[in-house]
Amino acid sequence: MNIILGRMLIGFLDADCFYVSCERARLPHLMGQPVGVLSNQGACVIAKSYELKARGISTGMPIWKARPLCPEAVFVKRDFAWYEILSRRMADEVRQVSPAVEYYSIDELFFDASWLSRTFEAPLSEAAMRLRERIHSRVGVPVSVGVSRSRTLAKLAAKSVKPFGCRVLLDPEETKSFLHDCPVEEIAGIGWRSADKLHARQIRTVGNFAATDRHVICKLLTKKGEALWWELHGEPVLPLDTIRPPHKMVGRGGSLSGPTRDIERLRAWLVRNVERLVEALDRHGVVCETFSLSLRLESGHYIGDGTTLPEATAQFPRLLAAARDIFNRVYRSGDTVTHMHLNTERLSFRHAVQQSLLDRPSAQDIETARLKRLINKRVGRFAVRSGATLPLHDIYADPTNGHDICDIYGKLCF
Amino acid sequence: MCDGVSLLRSEIPQRLIRQFKLESRVVVRGEQAPEEIRFLRREGRPWLPAWHAGQLGIHAWGCRSRQEQGFPPGAWCHREHLEAGYWRHLQPEPVEIPANYVLDRGIWYVVRDGLRGVLLRRPRDVPRVYVLTEAASHYYHVMTRHDRMPVLLHERI
Ligand SMILES: [Mg+2]
């Protein structure tokens, strides 16, 4: 449901170095240590503590590069299942003090903060601090909180006080002086392309942006930019979505656990990734109209293609057929592949699609899919899977491959 | 494999700290970080903490030189060799090596409880503790470039 906005207060909550904080929640001795969270393959630092960051280690850095920069660093393997548990706990805590919560990403939430003051029986800034303390003590994760009249302002406010800070931005004068020095790229929704356009017009700070004529912004950055302009003036135009609308895209894939040109293995990866994709589409309750496949070769080149499906679908046989068709077209035998990515776009909620336009599965397909879901839910993910994935025995035998980044959050966090 | 372990100072009884003069091994990795006590392979006479027969003790770690004949050379013991009975004559007994962080090829990584080890004995000699190793997981191999890894207590990485 979209919340109708009156003079609602919007809160934004952002966990501080979330993955590391999750590890610290269960291993308190990591507190104060230079901690790096490693990717599933053990090759790259995907998250770091502030102590590690201070030594010049950045996200995505390979471990062999990070080690000499900080020989005292301690590394831990990422555990998305655990991070997801704490993410949900965080959301549950916020739901106790807010009538509407939007899951924005694994470690970020927007919420209706209108009742915060009353719930904590304290002035708003103190109430925000109390919420922060509550999450820290109950979930074990430090967060930063921003509260303002719009999403854009609330997010800017929270980002400005990281780590473990709170900022309430309601006073127009205070807001104005706060925005004055803030770089325009800090606005959520302003990518580098938009930033370039703005810079060319000498619009470098959020203050400049807000002070620019609305029509000029609209010309430069279309309606989207105009929406941000209103938001920065404390007029909420981007509503809270407590049930996310269909994502723009849902994708699955990643590294193939070592380069390969073994055709059987590649075909098996294709099947595994389609199974994961169908699982993700199921979770979102969406069907897709377009499908694309991309392969990264050892040479660094990408090959792939996309296709429009005959009708909106989330069915395994349909998507697998599309995937195989593209694979057969683009892959030349002998090419060594390192990564595979499957993507779907033009998504819609299943219940929102006119039934006559939906790709209707046969009774047998429905029953097969239902049983598969049931067994896998009870016995474990991938307990029942396509026989075509047999060449990947090693991948399925490693239980750590059983988790994805849960992307109900709509964006990846690294 | 394993070049050393580090244990929170707070997890080692004061009695052992005094008895083995462990105070000199206390280190911290940062201003706010807790104190650790390190046991490294590169020391002249390396030691390891180990739980054996319900007691936490500090034991001689492995065998450094050829002069100490009779004990397997090195600091590690292949789990497969132990299971195949290679060291039966040294009366192997399982031990648990408590650790918070383990060092391998310059990489410190976090462990939940520690490592599995084995205690070997010979007449008229101090018993020795060895770290048990097994084939490295893909993750471990990428992280350390080693094809063997210690057998971890209560977890797999
Ligand atoms: Mg965050």
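Both A:A15 and A:D107 are buried, a term that stands for under 20% relative accessible area, with exposed meaning over 50% and partly exposed in between (1.4 Å probe, protein chains only). The structure is a predicted model, in which local features need pLDDT of at least 70 and side-chain atom pairs count only at pLDDT 80 or more, while totals for chains, interfaces and linings use all residues. Residues are numbered from 1 along each chain as its sequence is written, chains are lettered from A and ligands numbered from 1 in the order in which they are written, and side-chain values use heavy atoms, with hydrogens and water left out.

The magnesium ion is coordinated by A:D14 (OD), A:A15 (O) and A:D107 (OD) at 2.1 to 2.4 Å, and along the chain its donors follow the spacing D-A-x91-D. A:A15 belongs to strand β1 (residues 10-15) of chain A, whereas A:D107 sits in the loop between β5 (101-105) and β6 (108-112) of that chain, so the pair ties together parts that are 92 residues apart in sequence. Donors here are N, O and S atoms within 2.8 Å of the metal (3.2 Å for Na, K and Ca); water is not among the atoms, so sites may look incomplete. Strands (E, at least two residues) and helices (H or I, at least four) are DSSP runs, numbered from the N terminus.

Turning to the interface, 22 residues from chain A and 21 residues from chain B take part in the contact, which means heavy atoms within 4.5 Å. About 1,900 Å² is buried between chain A and chain B, with carbon and sulfur atoms giving 59%; this is the accessible area (1.4 Å probe) that two parts lose on being put together, summed over both. On the chain A side, A:H29, A:Q33 and A:E72 lose the most area to chain B, together 27% of what that side buries.

Two salt bridges are counted between the chains, each a side-chain nitrogen of Lys or Arg within 4 Å of a carboxyl oxygen of Asp or Glu. One salt bridge joins B:R29 to A:E72, with the closest N and O atoms 4.0 Å apart. In chain A, α3 (63-69) and β4 (74-77) each supply at least two residues of the side that touches chain B, and the largest share, four residues, comes from β4(A).

Within chain B, B:L56 is placed in strand β5 (residues 55-61). B:L56 counts as buried because its relative accessibility is 8%. Leaving aside neighbours within four places in sequence, B:L56 is in contact with residues including B:E11, B:P13, B:W51 and B:P98.
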